[in-house]
Amino acid sequence: MRILMRRNLIILAIAVIAVAGVWIWDGSGRGASSGQAARPVDLEGIPASPAPKADHFAPAFQLNGLLDETAAYSVGGKRDKALIVNFWAAWCGPCEVEAPDLKAIYEEHQDKLDLYAVNATNYDRVRSAKEFVAEQGLEFPVLTDPQGVAGDLYKITGYPVSFIIDRDGVIRHRIEGIVEREEWDKMLRDVL
C-alpha cells in the first residue's frame, strides 16, 4: 500500500512539474479563457524570431489542401485578412465539438477573416479527415500536414489547438482545447 502511495505521489509530482514547464515555456502566464484582452501590438516590440505563442510572429509554412491537393495555403507574414489556424484530427472528440463554432465563426466573418484547419495527417487518415469535413459541412480550407512539419513548428502536442493571427502576421492568441463561442468572439475583437 505504501509503495502504491509513494508511486502515485511521484507521478503527481512529475505531472505538476510538466504543467509548470509548459506554463513557463508559453511565457504568457495566462490561459486562453482568462478573459484578458491581448494588448495592442507594437511591431517594434515583437521578437524577430517567429514562435508559436502570443505576441510573436507566426512561424511560416505552406501546405496543400485536403480536398484540392493542388491548392497551396501559406501562413506567415503580412496578410489581407486576420487568420485562425486550427490544428485538429478526425479522431479527436473535442475537435468534433469545436467544429460547429469554427464553421459559424467563418461564415460570420469570412469577409475579414481566413480560417485554415490543419489536419494532423501524420497521425490521421486522409479518408477519415475527408469524412469529418463532409459530416461537419466545413467550407473553409482544410490543409494536410503529412510529415507533421506545421505541427512541429507550432509545438502541437494535443488537439485541438488554434492560433489567432493578425494582419501583420503576429499571433494574438494561442488556444489549447476548446473554448466557448463567447470567448472566441472576445479574442477575435483584437484582430477584426
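Cys92 and Cys95 form a disulfide in this predicted model, with their sulfur atoms 2.4 Å apart.

**The disulfide**

- A disulfide is a covalent bond between the sulfur atoms of two cysteines.
- The sulfur atoms of Cys92 and Cys95 are 2.4 Å apart, so they meet the cut-off of within 2.5 Å.
- By this rule, the count comes to one disulfide.
- The link of Cys92 and Cys95 is right-handed, with 80° about the S-S bond.
- Cys92 has a relative accessible area of 4%, and Cys95 has a relative accessibility of 3%. Cys92 therefore counts as buried, and so does Cys95, given that buried means under 20%.

**Helix 2 and helix 5**

- Helix 2 covers residues 93-109 and helix 5 covers residues 181-188. The two pack with their axes 11 Å apart, at an angle of about 40°.
- That angle makes helix 2 oblique to helix 5.
- The crossing of helix 2 past helix 5 is right-handed.
- On the helix 2 side, the residues that meet helix 5 are Glu98, Asp101, Leu102, Ala104, Ile105, Glu108 and His109. Their partners in helix 5 are Arg181, Trp184 and Leu188.
- Sorted by class, this contact of helix 2 with helix 5 has five nonpolar, four charged and one polar residues.

**The chain as a whole**

- The secondary structure of the chain comes to five helices and eight strands.
- Read from the N terminus on, the elements run α-β-β-β-β-α-β-α-β-α-β-β-α.
- The chain has 192 residues, of which 44% count as buried.
- Among contacts between residues at least 6 apart in sequence, 71% join residues at least 24 apart.

**Arg167 in its loop**

- Where is Arg167 found? Arg167 sits in the loop between strand 7 (161-165) and strand 8 (170-176).
- Arg167 has a relative accessible area of 32% and is partly exposed. The reason for that class is that 32% falls between the limits of 20% for buried and 50% for exposed.
- Leaving aside residues up to four places away in sequence, Arg167 touches Gly77, Lys78, Arg79, Asp80, Lys81, Ala82, Lys112 and Val191.
- One of these contacts is Val191. Arg167 and Val191 are 24 residues apart along the chain, and their C-alpha atoms are separated by 7.5 Å.

Definitions and conventions:
Residues are numbered from 1 along each chain as its sequence is written. This is a predicted model: local features need pLDDT of at least 70, side-chain atom pairs count only at pLDDT 80 or more; totals for chains, interfaces and linings use all residues. Side-chain values use heavy atoms; hydrogens and water are left out. Buried means under 20% relative accessible area, exposed over 50%, partly exposed in between (1.4 Å probe, protein chains only). Axes are lines fitted to C-alpha atoms, for helices over the stretch in contact, and angles run from 0 to 180 degrees between N-to-C directions. Helices (H or I, at least four residues) and strands (E, at least two) are DSSP runs, numbered from the N terminus. Angles under 35 degrees count as roughly parallel, over 145 as roughly antiparallel, 65 to 115 as roughly perpendicular and the rest as oblique. A crossing is left-handed if the near helix is turned anticlockwise from the far one by less than a right angle, and right-handed if clockwise. Contact means heavy atoms within 4.5 Å. Ala, Val, Leu, Ile, Met, Phe, Trp, Tyr, Cys and Pro count as nonpolar, Asp, Glu, Lys and Arg as charged, and the others, Gly among them, as polar.
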